[in-house]
Amino acid sequence: NRWQPTADYLSRNIEDATFLIIPLTHEEFEHAINKGELAFILTNPGHYVRLEVMFGITRIATFLTHYQEFTLKQFSSVIFARKDSSIKQIQDLRGKTLAAVNEQAFGGFRLAYDLLKQEEIDVFSELQIKWLGFPHSDVVMAVKNGLADVGTVRSGILEKLHKRGLVDINEFHVIHPQKHENFPLLHSVDLYPEWPFSKLPDTDTNLAKKVAISLYQMTSDDIAAIQSGGSGWTI
């Protein structure tokens, strides 16, 4: 539902080509690549790096998101607890319950895992982890309702749920808060590039050029941009 309008947009703009979105797990990505079933890939930047090393995929465009008047080409991760919690800093996480999406989620776990590792905290032995799967909102609600001591989600999730009236963002306390210029979202770690749109090594280069140009030309008010939850694409 989120990405098929982008495929339809490309099909309209590129002659003699039809695009179809195929939702896959990380493991299924690798099987599909080995079988030669994919021409382009859209995935998180952590998974992209893995596929670049393993299969030689090449990024051709970067997704743009938006928040209020800001257009964002980077994202981060936020680690948070209830404001009335005794958890105030990273070292307080030892022995606590952490809610997260799944182990492969880049903004939803890997970035928090990396930060805790830098702080010499072994997530898998010193915390109890609750894998809740998608959507990210389940993680937020688990913390809100006291089912987990702390949670980690992609940046922007807390703000989105606050805007929808599902939570009060002031109910939560951000652990290890960071500040970056022109990045207004709550976050706990450094910024990383947004999701890359990539080509497979065997995908025709001329077709890839047409795809890249079409993506760059997508306006923020196009139905494909709106449905994707973003503002278009950039270099």
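Is Phe106 buried or exposed? With a relative accessibility of 14%, Phe106 counts as buried, where buried means under 20% relative accessible area, exposed means over 50%, and partly exposed lies in between (1.4 Å probe, protein chains only). Welcome to a set of close-up views. This is a predicted model, in which local features need pLDDT of at least 70 and side-chain atom pairs count only at pLDDT 80 or more, while totals for chains, interfaces and linings use all residues. Residues are numbered from 1 along each chain as its sequence is written, and side-chain values use heavy atoms, leaving out hydrogens and water.

**View 1**
Helix α2 spans residues 26–34, and its buried residues are Phe29, Glu30, Ala32 and Ile33. Helices (H or I, at least four residues) and strands (E, at least two) are DSSP runs, numbered from the N terminus. On the face turned away from the buried side, look for the exposed residues Glu27 and Asn34. The buried residues of α2 pack against β1 (40–42) and α3 (45–55), with contact meaning heavy atoms within 4.5 Å. Just after α2 comes Gly36, with a positive phi of about 70°.

Arg50 forms a salt bridge with Glu30, and their closest N and O atoms are 2.9 Å apart. The pair links distant parts of the chain, with Arg50 in helix α3 and Glu30 in helix α2, 20 residues apart. A salt bridge here is a side-chain nitrogen of Lys or Arg within 4 Å of a carboxyl oxygen of Asp or Glu. Glu30 is buried, at a relative accessible area of 16%, whereas Arg50 is partly exposed at 43%. A search of the whole structure finds six salt bridges.

**View 1. Two further salt bridges.**
The side chains of Glu126 and Arg94 meet in a salt bridge at 2.7 Å, N to O. Glu126 belongs to helix α5 (residues 123–126) and Arg94 to the loop between β5 (77–82) and β6 (97–100), so that the pair links distant parts of the chain, 32 residues apart. Both count as partly exposed: Glu126 at 26% relative accessibility and Arg94 at 33%. Arg82 and Asp84 also meet through their side chains in a salt bridge, at 2.9 Å, N to O. Arg82 is partly exposed, with a relative accessible area of 30%, and Asp84 is exposed, with 59%.

A search of the whole structure finds 13 aromatic pairs. Rings of Phe, Tyr and Trp (its six-membered ring) pair if their centres lie within 6.5 Å; planes under 30 degrees apart count as stacked, over 60 as edge-to-face and the rest as tilted. Phe106 and Tyr192 form an edge-to-face pair, 5.5 Å centre to centre with 90° between the planes. Phe106 lies in helix α4 (residues 106–118) and Tyr192 in strand β10 (residues 192–193), so the pair ties together parts that are 86 residues apart in sequence. Tyr192 counts as partly exposed, at 27% relative accessibility. Phe109 and Trp131 form another edge-to-face pair, 4.8 Å centre to centre with 80° between the planes. This pair links distant parts of the chain, with Phe109 in helix α4 and Trp131 in strand β7, 22 residues apart. Phe109 is buried at 0% relative accessibility, while Trp131 is partly exposed at 38%.

**View 2. An aromatic cluster, and arginines over rings.**
Trp3, Phe19, Phe40, Phe63, Phe197 and Trp233 form one aromatic cluster. Elsewhere, Arg110 lies over the face of Tyr113, at 5.0 Å from the ring centre, and Arg154 lies over the face of Phe75, at 4.2 Å. A charge sits over a ring if NZ of Lys or CZ of Arg is within 6 Å of the ring centre and within 35 degrees of the ring normal.

**View 3. Backbone details in three loops.**
Asp16 has a positive phi of about 60° although it is not a glycine. Asp16 is found in the loop between α1 (4–13) and α2, and is exposed at 83% relative accessibility. Gln68, not a glycine either, has a positive phi of about 55°. Its place is in the loop between β2 (58–67) and β3 (70–72), where Gln68 is exposed with a relative accessible area of 61%. Finally, a cis peptide bond, with omega about 5°, joins Phe134 and Pro135. Pro135 lies in the loop between β7 (128–131) and α6 (137–144).
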